[in-house]
Amino acid sequence: MQTIFETPKTIKENSRFSFCPGCDHGVAIKLVAQVLDELGLQENTILVASSGCSVNLYDYLELDCIEAPHGRACAVATGIKRAHKVQGKEKFVFTYQGDGDFASIGLGESLHSALRGENITAICINNTNFGMTGGQMGPTSVLGQITSTSPQGRNKETHGFPIKTAEHIALCDGTSFSARVALFDVKNILKAKNAIKKAFEYQKQGLGFSFVEILASCPTNWRLSPLESHNKIENELTKTYPLGIFKDIKND
Amino acid sequence: MLKGNIAIAKAALKCGCSCYFGYPITPQTEIGEYLSSEMQEKNLAFVCAESELAAINMALGAASSGAKVMVSSSSCAISLMQETLSYASSDEIPFVLINIMRAGPGQGYIFPSQADYNQSTIGGGNGDYRIITLSPSTVQECIDLTYRAFYLSQKYRNPAILLADGLLGQMAQGVILKENPYPEIDNSSWILNGAKNRPARKICSLEPNQEKLNSHIEKLFKKYKTIEEKEVLYEEYLCNDADIILTAFGTMGRYSKAICNYYRKNGVKMGLFRPITLYPFPNKRLNELSQKTKFFIDIEMNMGQMLKDVKLALAKDATCKFIKKPIGDWSGQEETIAEIDEILKEKYANNI
């Protein structure tokens, strides 16, 4: 009998995700693990985890890992990458962060890592709210979005505008690759995997900062079913957050 | 002749510091300026971070990779780094942080000051943790204690701070730049370098299990107890027969030595006790001294931050007076001598 699907080697044996039902984190982590397997990177990788729902990643992946203080993942990753380089070793270093971590409290570290062309990869899960603390408005919450701290909906007069992270990162000269992907259907999941793969390959090739923003569902805090959540991403969120590749150093 | 700032930078390179992360702030900027060219020439990692937050977190990452790492900054900017000092203490990640103090609170100014004693020894980060704190009083000690800071930091897997003031950073003195006297510490059992032929390693402070978090903190404090037992350093100057002992750290220690000499010449048996490690504080030795000598005068370039540790250490029947000056120019001794004269007048009048 032919094996057509198996758990990626990079995922720890017997690990069980602790995410809410319908949350896209599980799919995103699986894609990351598959790409690490396919590129043969597992033994040479150091993962920088962050604060938020993404924090438990080190319990799921068989990777050397350090937890960064909230928002500082790209700075920690910079230190790791540089320290190994000094010792003559190229390590594969990536961060896995939420939108609050990457684009709110950590925007400075994120943007400057891209501007320096730091040869690391950042994966940012954008679920348009602070998920772990119970769904507060974040910098990525879209106009009109109801959250526990914007009960009347986000309005531009009081709360300003959501940040289009992938487009901002694409503007940085040190960025090699910046894309926004989603996970609401198989086609998009495959596109997401390709984007992650490209981002990882660009780091391997030493091309600079690579970035993938993943639009992800948060059914619990959105008060929607998993299916309704995916519909919301496809039909509503992509209007604010169009999918696509915003920078590819090889095609520019 | 070397300036304190440059001496620290040279010492760091001599003991194998391969990564430096910094952000400019007076009066320590020369450390980064010096290292920027030296480290580039040697193919070492020098990053002009976008903020002190970024700098200290780059240090966290680099040190988790097993590199010898240094960050330098000053007072108000060290405030920004407290969160990561707390993380690094819990994660048991070693690096050296240089604080060339300036006057505060807030932005204050670049005047010399010793007002970060509390920040360094008590800490501004959250949770139960301690930071090894070394206090040089001369440029030579800036070198010797930079070596020691790297060594202790690596040995105990804990951040270490070299706490010097702006006077020391800017002052030039003749020094001997000898070799690093300390052995290398093997870190191969914990660093992150890729899970090859071994299980993956995880460095994190998050611990949702109450019992595990409890035992982690207990473990950290067992380590701190060892540090307190083994790593205390201090200098005693003419304390054996002293009727009066001055206590002072850093630049004020050196300054107070000259005060002692002045009073000795005038027939007053004065000595100096200078803590070199501020954490661990030499309270045991200070207590021993206070069994015989009963009169102490603490001199600090702040409003009395070490004073509480001195008072806690002294025998109950010992007296401790305090001479303070929160900031500024301590180059002349007259003012201090006049204050001590007043204290002594009172002491002898009351026959304390």
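Predicted model: local features only at pLDDT ≥ 70, side-chain atom pairs only at ≥ 80, totals over all residues.

Let me begin with the contact between chain A and chain B. Chain A contributes 30 residues to this contact, and chain B contributes 34 residues. On the side of chain A that touches chain B, four elements each supply at least two residues: strand S1 (45-49), strand S2 (64-67), helix H3 (73-86) and helix H5 (107-115). Which of these gives the most? The answer is H3(A), with eleven residues. Sorted by class, this side of chain A has 14 nonpolar residues, together with seven polar and nine charged ones.

The two chains also share strand pairing. S2(A) pairs with strand S9 of chain B, residues 202-203, in the parallel sense and over two bridges. Within S9(B), Lys202(B) is the bridge partner of Cys65(A).

I turn now to chain B itself. Its division is into domain 1, covering 2-180 + 218-230, and domain 2, covering 235-350. The C-alpha centres of these two domains of chain B are 27 Å apart. Where they meet, 26 residues of domain 1 of chain B are in contact with 21 residues of domain 2 of chain B.

Several elements of chain B each supply at least two residues to the domain 1 side of this contact, among them strand S6 (132-134), strand S7 (160-165) and helix H9 (210-230). The most is given by H6(B), with four residues. By class, the domain 1 side that touches domain 2 of chain B has 14 nonpolar, nine polar and three charged residues.

At what angle do helix H3 (residues 52-64) and helix H5 (residues 82-91) of chain B pack? The angle is about 15°, and the axes of the two helices are 9 Å apart. Angles under 35 degrees count as roughly parallel, and H3(B) is therefore roughly parallel to H5(B). Their crossing is left-handed.

On the H3(B) side, the contact is made by Ile56(B), Asn57(B) and Leu60(B), while H5(B) brings Thr84(B), Tyr87(B) and Ala88(B). Of the residues in this helix contact, four are nonpolar and two are polar, with no charged residue.

That concludes my presentation; thank you for your attention.

Notes
Residues numbered from 1 in each chain as written. Chains lettered and ligands numbered in written order. Axes fitted to C-alpha atoms, helices over the stretch in contact; angles between N-to-C directions. Parallel < 35°, antiparallel > 145°, perpendicular 65-115°, else oblique. Left-handed = near helix turned anticlockwise from the far one by under 90°. Contact = placed C-beta atoms within 7 Å. Nonpolar A, V, L, I, M, F, W, Y, C, P; charged D, E, K, R; others polar. Pairing = 2+ DSSP bridges. Domains from an automatic or database assignment.
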